[in-house]
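Subject: Structure handover

Hello,

Here is the structure for you to take over. Please open it alongside this message.

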Amino acid sequence: MSLARVIDLRSDTVTLPKAEMIEAIRNAPLGDSIMGEDPTVNQLEKKAAELLGMEAALLVTSGTMANQITLMSLCNRGEEVIMGEDSHIYTLEGAAAAVVAQVQIRTIEVPDGIYDASKIESRIQTGDIQRPKTSLICLENTYNLNKGQIVSLENMKEIRAVANKHSIPVYLDGARLFNAAIELGVTPDVICREVDAVQFCLTKGLGCPIGSILAGTKEFIETATINRQRLGGGMRQAGIIAAPAIYALDHMIDRLSEDHKKAKLLAASLSTVDGIKIQAEDVQTNIVSPVISHEDWDSKLLIEFLSTKGIKVKNIGEKQVRMVVHYQITDEEIQFVVSAFEEFSSSVQIKTTVH
Ligand SMILES: *Cc1c(COP(=O)(O)O)cnc(C)c1O
């Protein structure tokens, strides 16, 4: 069995805009969005704010920019922010928190996507001559971009209570917010109720080519708009970015459950492959990161083999790869990937089977 095209599972960011999105771009009314005059951007921001149950929203170029704008807007230079140690802000933003926002990050472990509210509380500092003041708590839901774990509403409420007690705002990096909402069985505003500000990525499961939405109070978005400008993120005829985003909010959210179903099926099928370790329960949303349990194999060997089959996966460790399911991945392709793993497993001599 062979498939003509490449099966790219490295990330849900590899998704290409659908024909309907290109059509939406073609037809979008445009204007100068720094002047507030791009009708398509204005429509998107209003729509996104309503969807999230927030007062206002702002189109920005990336999730990273949304995160940094938030740190700049809610913290002063030299203050401290508490977040999980696997957070994107901490691990994958080129130390922008230090370089751009000039805040210090204090991390906590978040095992299985569960934030320990008492641990967070114990890290909060009011600030004195030696200790920086804690000015923000950052959550991520889904948590950990190699795992896609769902943070429960109860857990978010616990953090919220601690934050309220100390009058500290809570920000949600919701790059994959809708993946979490679908699995929690709630509309996104129910999640956003537990935080003061939030961002989600348009470029992941939603399949847009560019952009993130940052949302919060009117006052926060006013400050964020100034900080976006400082970062060079003010855009002119940004309706060409907003148009596919409007399509995505209407058509690409509910279908995310299909990606989750496929991801769970992929994990369940791989759990029976010798030398590969993953459980269906390890997968909560669209991210599947199997571990190579065979002592003689490593990620490089697996990735090389898969690439001969036209399958791309991401190397996330000596013995672990990541696969992210998205709208361009079909059931047939999932089966093809499983058979490629089986072929890999049987073609490399298995000395010991470790499960
Ligand atoms: C992808 C991602 C981001 C960054 O988004 P970009 O648009 O790539 O800058 C931030 N946070 C999380 C959790 C992500 O997965």
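The model is predicted: local features need pLDDT of at least 70, side-chain atom pairs count only at pLDDT 80 or more, and totals for chains, interfaces and linings use all residues. Residues are numbered from 1 along each chain as its sequence is written, and side-chain values use heavy atoms, with hydrogens and water left out.

**Record**

UniProt, in an unreviewed entry, lists residues 8-288 as "domain: Aromatic amino acid beta-eliminating lyase/threonine aldolase". Its positions are given in the numbering used here, feature names are shortened, and annotations may be inferred rather than shown by experiment. In the model this span is 42% helix and 15% strand. Its end C-alpha atoms lie 13 Å apart. Helices (H or I, at least four residues) and strands (E, at least two) are DSSP runs, numbered from the N terminus.

**Sheet and hairpin**

An open sheet of 7 strands runs in the order β2-β8-β7-β6-β5-β3-β4, with mixed pairing. Two strands pair if DSSP finds at least two bridges between them. β2 (56-60) and β4 (104-108) stand at the edges with a single partner strand each, so one side of each has no neighbour in the sheet. On average, neighbouring strands of this sheet are turned by 20° against each other, direction ignored. Axes here are lines fitted to C-alpha atoms, for helices over the stretch in contact, and angles run from 0 to 180 degrees between N-to-C directions.

β4 pairs with β3 (residues 80-84) in the parallel sense, over 5 bridges. Gly84 has Ile108 of β4 as its bridge partner.

β13 (residues 314-317) and β14 (residues 320-324) run antiparallel, joined by 3 bridges. The hairpin between them passes through 2 residues. Lys314 stands opposite Arg322 in β14.

**Backbone**

Most residues other than glycine have a negative phi, and most peptide bonds are trans. Two places to check follow. The peptide bond joining Asn141 and Thr142 is cis, with omega about 5°. Thr142 lies in the loop between β5 (134-140) and α7 (153-165). Gln102 has a positive phi, near 60°. Gln102 sits in the loop between α5 (96-101) and β4.

**Pocket and cavities**

The search used a 1 Å grid over the protein atoms alone: a cavity is a set of points where a 1.4 Å probe fits but cannot get out, a pocket is an open set with protein on both sides within 12 Å along at least five of seven lines, and lining residues have an atom within 4 Å of a point. Points are joined across faces, edges and corners, and a volume is the space filled by probe spheres set on them.

The largest pocket has a volume of about 290 Å³. It is lined by 16 residues, and the closest to its centre are Lys147, Ile278, Asp282, Ser289 and Gln320. By class the lining has 6 nonpolar, 6 polar and 4 charged residues. Ala, Val, Leu, Ile, Met, Phe, Trp, Tyr, Cys and Pro count as nonpolar, Asp, Glu, Lys and Arg as charged, and the others, Gly among them, as polar.

Where does the largest pocket lie? Domain 1 (19-251) and domain 2 (256-354) both give residues to its lining, so it lies between them. The domain bounds come from an automatic or database domain assignment.

There are 2 cavities of 30 Å³ or more. The largest cavity has a volume of about 80 Å³. Its lining includes His88, Glu140, Thr142 and Asp173. That lining divides into 2 nonpolar, 3 polar and 4 charged residues.

The second largest cavity has a volume of about 40 Å³. Helix α8 (residues 177-184) gives the largest share of its lining, 3 residues. The lining has 6 nonpolar, 2 polar and 2 charged residues.

Regards
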